[in-house]
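Student: I would like a close look at one part of this model, and then at the charged pairs around the rest of it.

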There are 2 protein chains.
Amino acid sequence: MIKKESGDLEISNTIKRTLSIILLLLVVLLSIFVFDDLVFSLLIMLFISLGLNEFFNLIRSKGIDVYKKLGILIGLIIPLSIFLRFKPTEEWTLLFILVAFITFFVLQFAKKDHTDAILGISTTVFGVIYISWLGSYFIKIKLLPNGGLFIIFILLTTKMADVGAYLIGKKFGRHKLLVRISPKKSIEGAIGGFLTSIIFSLLSKFYLSDISLCHLFILGILVGISSQLGDLSESLIKRSCNVKDSGRFIPAQGGVLDLIDSLLFSAPVAYLYIMAYKLYMVP
Amino acid sequence: MIKKESGDLEISNTIKRTLSIILLLLVVLLSIFVFDDLVFSLLIMLFISLGLNEFFNLIRSKGIDVYKKLGILIGLIIPLSIFLRFKPTEEWTLLFILVAFITFFVLQFAKKDHTDAILGISTTVFGVIYISWLGSYFIKIKLLPNGGLFIIFILLTTKMADVGAYLIGKKFGRHKLLVRISPKKSIEGAIGGFLTSIIFSLLSKFYLSDISLCHLFILGILVGISSQLGDLSESLIKRSCNVKDSGRFIPAQGGVLDLIDSLLFSAPVAYLYIMAYKLYMVP
């Protein structure tokens, strides 16, 4: 996978990147405003299962035998139980995780080789928590009053931080950030992404008019940091599995994981802040 | 580690095994009836940190770089937050897990070698869930009305199932259960442990007089199955790391993990049943 550094290809990649983001935003917007919570939740579950599939393929490329089908199944039960608002959620979540735990072990009992059993079970559990549990916070946010607007807020601030980091890094990047994890990222790009997130967060005052600029400013900082940590973390996972793109889902964007990595961290962080200050309250 | 199969050693081992269980029960009984919830919770936290320490050492023996200190620290925050009854628990738990996740990744960023990064992070997260989160259910149970009696119930039924499986397997064991995971265990022993658990569960009517024999019977079945699955699961982990005992904590019992393995599965299962049928209600 050699990448030509010619100007034409660069422009073409930037256009593709932007177009694919716009397309994705349109799909999500449609699911928020035209359809109901069910369609949105199904869309999230689709992304979760695609992301899990990619993650488990990455781990398998390291020669570790993960529980792919069962992992995806359990990874779908978590968002489903959140959508159905199981009460008492805590006990039900416990039940699922317990059943999952015990099932992974029992399945392993039947296998012949137990050399890497602990690695197979650990990475399966990790994948479910990383992608399904963190990803499910999108459904939690959607179910809040004004949840749709918060979803747009998170998508815009996170994805614009990605684009901002990319464009500013491309133009002003001089100092490498973490060359062993993501060789193309620069400190200048990271700062650019951070500032872009704050700017788009403040601009959200137009559609989140009840939330003070102070809260939006802090949310911008939180999203600006967490989204980039999410991006780097997924790069680390790929690096650890010796691949460049997590899959081939969208042109010039790589796989589903490359698309959602920053969102997996920024959505729960934003949710926590929204809940802590009861920003979802309609006055 | 060759074990002599002479009769003397066998008897000596059985006595040591029984004495160490009695000693442990005495310590726990003392902490339940003489001291308060704080002392009991500290005792559980002690076992959790010792168990985590052993687990992380097992994983390190496979050459995987786990986050031992941070893993133990986070593993202690979970039982502490349950003891302090943080509200809203769900959001706080999320915060801890998110912070843990992000910290593991950020720590990894600073390292030079990322080859097994995903394995180090996954097994650390797994250890915290397996030992700390499952183990914390002892504190949840203790905080219920009549919690102390339920703790005794779980300790007695689980540990007597262990002893029953051991003794009956020793006397009548002909058919091997899972020779690749735990070569000494037999199907006869497993059935014996299962029946022992039911008998001790029914006998608990003496101190849990408000709970019907029907509920005690079902609890006996659940503990009889889950405790032995817990035992086998820990054997699997040890097998996967090529060791026989998880450590040297108690004579003839192996490490802390060998002592608590069956309890880690039976306690949450019993808790779920107790909550589902509100058995903790004092009439």
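Student: Leaving aside its neighbours within four places in sequence, which residues is B:Gln108 in contact with?

Tutor: The model is predicted. Beyond four places in sequence, B:Gln108 contacts B:Tyr67, B:Asp113, B:His114, B:Ala117 and B:Ile121, as well as A:Leu236 of chain A. B:Gln108 sits in helix α4 (residues 89-109) of chain B. Its relative accessibility is 4%, so B:Gln108 counts as buried, the cut-off being under 20%.

A salt bridge also joins the two chains: A:Asp116 pairs with B:Lys62, with 3.4 Å between the closest N and O atoms. A:Asp116 is in the loop between α4 (89-109) and α5 (117-135) of chain A, and B:Lys62 is in the loop between α2 (37-60) and α3 (68-83) of chain B. Both are partly exposed, A:Asp116 at 36% relative accessibility and B:Lys62 at 24%.

Over all chains the structure holds 14 salt bridges. One of them links A:Lys142 and A:Asp37 at 2.7 Å, N to O. A:Lys142 belongs to helix α6 (residues 137-142) and A:Asp37 to helix α2 (residues 37-60) of chain A, so the pair ties together parts 105 residues apart in sequence. A:Lys142 is buried at 10% relative accessibility, while A:Asp37 is partly exposed at 24%.

A:Lys159 and A:Asp162 form another salt bridge, at 3.2 Å between the closest N and O atoms. Both lie in helix α7 (residues 147-172) of chain A, three residues apart, about one turn of the helix. A:Lys159 is buried at 4% relative accessibility, and A:Asp162 is buried at 13%.

Definitions and conventions:
Residues numbered from 1 in each chain as written. Chains lettered and ligands numbered in written order. Predicted model: local features only at pLDDT ≥ 70, side-chain atom pairs only at ≥ 80, totals over all residues. Heavy atoms only, no water. Helix = DSSP H or I, 4+ residues; strand = E, 2+ residues; numbered from the N terminus. Buried < 20%, exposed > 50% of the residue type's maximum accessible area, 1.4 Å probe, protein only. Contact = heavy atoms within 4.5 Å. Salt bridge = Lys/Arg side-chain N within 4 Å of Asp/Glu carboxyl O.
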